[in-house]
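Please consult the sequence and the model shown here while reading.

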Amino acid sequence: MAGYSGIAERLKVAMEKVIELAEAAADDLPYINATRGERTVAALLSLVTGGLFGVTVERALVEKGERIVGVLSIASAVRSTPMSFYDAFKSASGGEEPSEARKLTFRIATLLTDPLVRTILAGRQGAEIRVEERTENGKRLVYVTFVENGRELLKTAWEAGKRLKPLWAEGEVVRLFKEVVNLMTTISSGSKLLEGLNEEAWGNAVKTMGRVKEAIETTVKAVVIGALPTDAVLYSGSEYVSGPSSYLSQAFTYWALAEGEINLDKVYPSEEGLRAMWYVVGEYTKIVDDVLKRGRVALERLLKSGVDLKAVLAEVKMSDEIKTALETAAGDFWSRVGELLTRWEEAEKNGDKEAVDRLGKYLRVLLPLAYAVEAYKRGELSREEAALAVTFAVLYDGAVYRDEIRLVVGAPEHEVNPIMTHDHFAAFWLWALKVLGFKPSSVRKGRKAHYIAFRGDELNELLKAIAPTLPRLYEFRDALAEFADAFRTISGEVVKRKYGIEWAYDMRNEGFFKKLEEIITMAEDYVYKNIAVERDTLDTSWSYPKTVIRFKLGGEEIAYINVYWTGDGLQAQFGGSRENAERLASIIRALGGEAEVKHVKGAGWVVKLATDGITAIRHDGWLKAVRSFVDELYNKGQISEERYEQLVKDITAGPNTVKLAGVEFSVNYINKTGNIEIVYQPTSETSKNAAVDALKARGLVEGVHFTVTTKGAERYEIRVTKETYTKAVEVLARSGLKEKEHYTVYDKRREIHVKAEQKDAVVNALKAAGLEEGKHFTVKWGGQYIIRLTYDGLRQIQHMALNGDAEADRFIRELEDVLRRRYGNDVAKKLTEVLRPAREEGTAELPLTVRDKRGNVVAQVVGLRYEFVKNGQLVDQCAGEDCRLRIIAEYEAGGERRQFKMEWYWAEKREKKGDATVTYYYEIARPTVKDDVEVAVLKTLTGKEAERGRVYLYADQLDALRRFKPLRDAIDKWREGKPASSQGQGQRSDN
């Protein structure tokens with residue numbers, strides 16, 4: 001700290017402001033009033049403490065100056081960097097001036113933020129660092145190479161004297177990326193199984209790739225309208241289109257633009273680590289050609305009409321500066337369009353393809369938007385398709401937050417004197433959005449771009465339009481997720497075989513995929529909060545009593561389903577068109593249920609739910625409708641009192657089932673023993689074996705994590721055909737075997753039950769009478785298998801959940817939910833006690849997926865660190881009453897890094913014991929939870945259920961934090977410094 005105080009003194013800055021900056025959350029940084037010097041000192045400090053400021057300060061400075069890529073972002077690498085690299089620079093924390101080599105060594109640590117690079121280098125502490133400067137083509141380049149035993153692990157270069165942005169990267173790390181790309185190309189081309197790979201896993205990757213293509217085919221028009229204005233490169237003269245992206249999940253969508261293979265352009269270093277640039281390039285697809293041709297006609301028609309773009313600007317909130325710029329652009333927009341079209345016609349007439357291609361950067365924005373507006377007015381583009389197009393535009397070039405969707409409108413690429421600027425594009429976008437029925441909330445200024453934002457009521461209107469597109473979004477997201485899992489398995493196999501390390505390409509971690517999931521979650525939340533559920537009157541004219549439950553949004557019916565009482569249970573069913581069935585299924589999913597659409601001959605596309613599926617939908621409106629149906633059935637004598645009470649319990653508490661690896665377990669709490677029982681009871685050996693294999697494939701061990709036993713194994717069931725049943729009974733009566741001793745007859749079901757020791761005698765008697773097994777009767781084992789998860793199994797699943805296994809995490813959450821709903825909080829707490837050893841073993845690793853109450857991924861914890869604080873100052877370590885432990889969680893949500901802080905301190909409590917007053921201390925933290933994302937982050941880290949606002953955390957929550965290795969030792973050291981209890985009088989009160 002002394003070195004930084006000295007710098008601060010020379011720069012005449014306030015250390016209090018420096019500390020405030022260094023500890024600020026990302027969202028707060030742009031609003032802290034600090035000098036450039038104070039920001040500089042805070043940045044230096046954060047490099048040593050590992051603070052978030054080192055990453056986010058450059059974003060805060062962007063608004064007042066050019067971005068200095070890579071210089072400050074390295075702070076986030078400090079906690080992930082192998083110690084040998086950190087040691088090379090740590091002397092800078094004092095007054096010693098670090099060498100240039102040490103500075104560069106530390107700066108290259110920015111590359112180590114990438115998980116792949118960490119995997120390769122983390123165990124190689126002795127890697128040699130080589131720094132040299134060369135002059136090439138008149139430019140001074142600084143080369144940095146990491147070498148181990150003569151092998152280049154990583155090599156990169158900067159241009160000396162320029163901003164510290166790595167120009168390229170090569171070495172073993174880059175070869176890994178290229179290996180993955182080759183694998184991707186092989187799968188997409190449908191090539192044969194690569195030698196040495198698992199045949200089943202390979203087949204799954206090829207099959208799921210096909211599903212991705214099918215899903216994209218259902219959204220081609222929306223992709224084209226969304227991609228061309230934001231993210232594609234258009235070569236109009238050559239009739240080619242290119243889609244580049246650092247996200248593989250995004251590159252898939254470019255198949256709607258060009259029917260080419262997915263290739264690798266380059267592997268490049270960035271402040272986020274090494275990244276691959278994927279691309280698809282090829283001739284236009286038919287839909288692109290159609291959109292461009294019709295868009296040109298539409299644009300020429302708009303030019304003649306001279307639509308006033310200024311009118312829409314008054315309806316959207318923006319600063320005076322932006323309004324002036326956009327009004328100016330709107331004023332000369334159509335003259336610029338006229339100039340553009342004139343140049344275009346001349347270039348086409350002269351056969352100047354190069355000129356036409358240069359104009360493509362303008363055409364790709366204007367023509368699809370003009371087409372969309374014209375098609376929408378003609379009724380050729382539905383509101384749902386328009387909403388889907390806007391969704392894809394945001395996915396390509398935008399940001400998604402829980403309370404905001406933002407579209408980024410940039411300038412033409414690499415143009416010195418552009419015909420149009422981002423001001424013109426933004427004005428045209430705003431007009432097009434208005435015509436399509438989407439009014440933004442505001443326009444904000446970005447770096448060489450405008451941010452068109454939807455918040456509040458405007459966001460709700462957009463989500464209302466997106467909601468009907470959920471079937472398409474589900475199909476696309478689910479297909480990507482299936483391929484992501486398959487590709488992770490295959491790429492992991494290839495990398496391990498060739499390089500001997502545990503690493504796989506995980507598409508689920510890509511920003512495009514996360515944005516897609518977030519938009520789906522927001523649309524689901526909108527449906528859940530705004531849908532109205534209504535029930536028709538009871539109809540007893542059918543073979544089964546029935547009612548119709550209808551779903552409405554904004555007063556308009558969007559789906560319905562018939563609900564029946566079959567005599568054995570509730571059943572809900574819809575049959576009709578595929579579009580309507582998929583819309584109904586998407587609503588059920590948005591309300592928390594599960595629904596599958598199947599085609600049934602004669603009935604069309606069907607959605608069907610049994611009692612468990614009906615009660616699994618935990619939406620108040622739905623449950624009230626179902627309950628009123630059951631109440632009416634009971635009041636009219638259609639249901640017995642016993643069955644009615646069971647149905648009411650199921651509706652109130654929900655189903656008692658949870659799934660893992662496709663195996664559906666029943667959950668029960670046995671009051672007599674106080675045990676939680678989680679069992680699956682297959683009735684055939686085939687289904688038993690399938691379940692056992694599935695659990696083993698998930699890493700569970702039979703006899704340790706689950707057991708397999710049998711029940712009723714001594715009994716067999718002989719089922720006889722209707723035509724021969726009477727003869728079979730007569731044969732057994734004459735056989736010498738005694739009824740009810742050796743066998744039992746069930747006339748209603750035409751079944752004969754026999755004990756195991758009599759089975760052969762009964763079967764032989766039937767055969768002797770001329771009856772054939774398989775034709776006149778069948779023999780079925782009457783026992784039942786019981787697969788039971790042990791407490792050790794539950795703890796193993798908890799381990800899996802802590803290490804980022806989404807299915808395991810969902811299983812634990814749903815198990816806790818079932819126990820709480822059906823048996824109360826005390827039984828749910830018992831599960832917590834069962835899982836506590838797994839949660840406290842310090843084995844949880846980062847990044848850690850954060851999910852909300854409904855299981856949606858809302859964030860990812862990427863860093864955990866701690867600080868000792870005494871009297872408001874950071875110290876290396878402290879103890880006693882004035883010593884506080886500050887725990888800082890860095891998480892990513894909506895494409896941004898944020899912080900959540902918990903400051904633990906010793907609270908004083910006094911109790912009277914006779915004449916003496918005893919003072920003792922307990923640990924507590926009182927963080928403020930700002931939003932639903934922080935609610936989920938807190939729950940993930942500590943297990944604490946909370947709402948927004950002030951939250952009180954105690955020892956149980958600190959115990960939960962001990963499971964994270966970066967925090968465990970610090971928590972133990974802080975607890976060792978607990979103030980001693982004391983006795984006396986006149987002691988001070990609690991603070």
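## Helices H12 and H15

Helices H12 and H15 are oblique to each other, a class for angles that are not under 35 degrees (roughly parallel), over 145 (roughly antiparallel) or 65 to 115 (roughly perpendicular). H12 covers residues 286–305 and H15 covers residues 333–349; the two pack at an angle of about 135°, their axes 10 Å apart. Such axes are lines fitted to C-alpha atoms, for helices over the stretch in contact, and the angles run from 0 to 180 degrees between N-to-C directions. H12 passes H15 in a left-handed crossing, where left-handed means that the near helix is turned anticlockwise from the far one by less than a right angle, and right-handed that it is turned clockwise.

On the H12 side, Arg296, Leu299, Glu300, Leu302 and Leu303 meet a set of H15 residues that includes Trp334, Leu341 and Trp344. By class, this contact of H12 with H15 has 7 nonpolar, 1 polar and 4 charged residues. Here Ala, Val, Leu, Ile, Met, Phe, Trp, Tyr, Cys and Pro count as nonpolar, Asp, Glu, Lys and Arg as charged, and the others, Gly among them, as polar.

## Basis of the model and overall composition

The model is predicted: local features need pLDDT of at least 70, side-chain atom pairs count only at pLDDT 80 or more, and totals for chains, interfaces and linings use all residues. Residues are numbered from 1 along each chain as its sequence is written, and side-chain values use heavy atoms, with hydrogens and water left out.

The chain contains 34 helices and 37 strands; these are DSSP runs numbered from the N terminus, helices being H or I of at least four residues and strands E of at least two. Of its 991 residues, 52% are buried, meaning under 20% relative accessible area, with exposed over 50% and partly exposed in between (1.4 Å probe, protein chains only). Among contacts (heavy atoms within 4.5 Å) between residues at least 6 apart in sequence, 63% join residues at least 24 apart.

## Helices H8 and H20

The axes of H8 (residues 172–188) and H20 (residues 470–499) come within 10 Å and cross at roughly 130°. H8 and H20 are therefore oblique to each other, and H8 passes H20 in a right-handed crossing. The residues of this contact divide into 11 nonpolar, 1 polar and 4 charged. Among them are Leu176, Val180 and Leu183 in H8, and Phe483, Phe487 and Ile490 in H20.

## The disulfide

How many disulfides does a search of the whole structure find? The search finds 1, a disulfide being a pair of cysteine sulfur atoms within 2.5 Å. Cys878 and Cys883 form this bond, with their sulfur atoms 2.0 Å apart. The torsion about the S-S bond is about 70°, so the disulfide is right-handed. Both Cys878 and Cys883 are buried.

## Two individual positions

Val280 lies in strand E8 (residues 273–283) and, at 0% relative accessibility, counts as buried. Leaving aside neighbours within four places in sequence, Val280 is in contact with residues including Val241, Tyr254, Trp255 and Ile262. Val280 and Asn263 are 17 residues apart in sequence and 6.4 Å apart in space, C-alpha to C-alpha.

Ala756 is found in the loop between strand E26 (751–755) and helix H28 (759–768). With 34% relative accessibility, Ala756 counts as partly exposed. Beyond its neighbours within four places in sequence, Ala756 is in contact with Glu714 and Tyr716.
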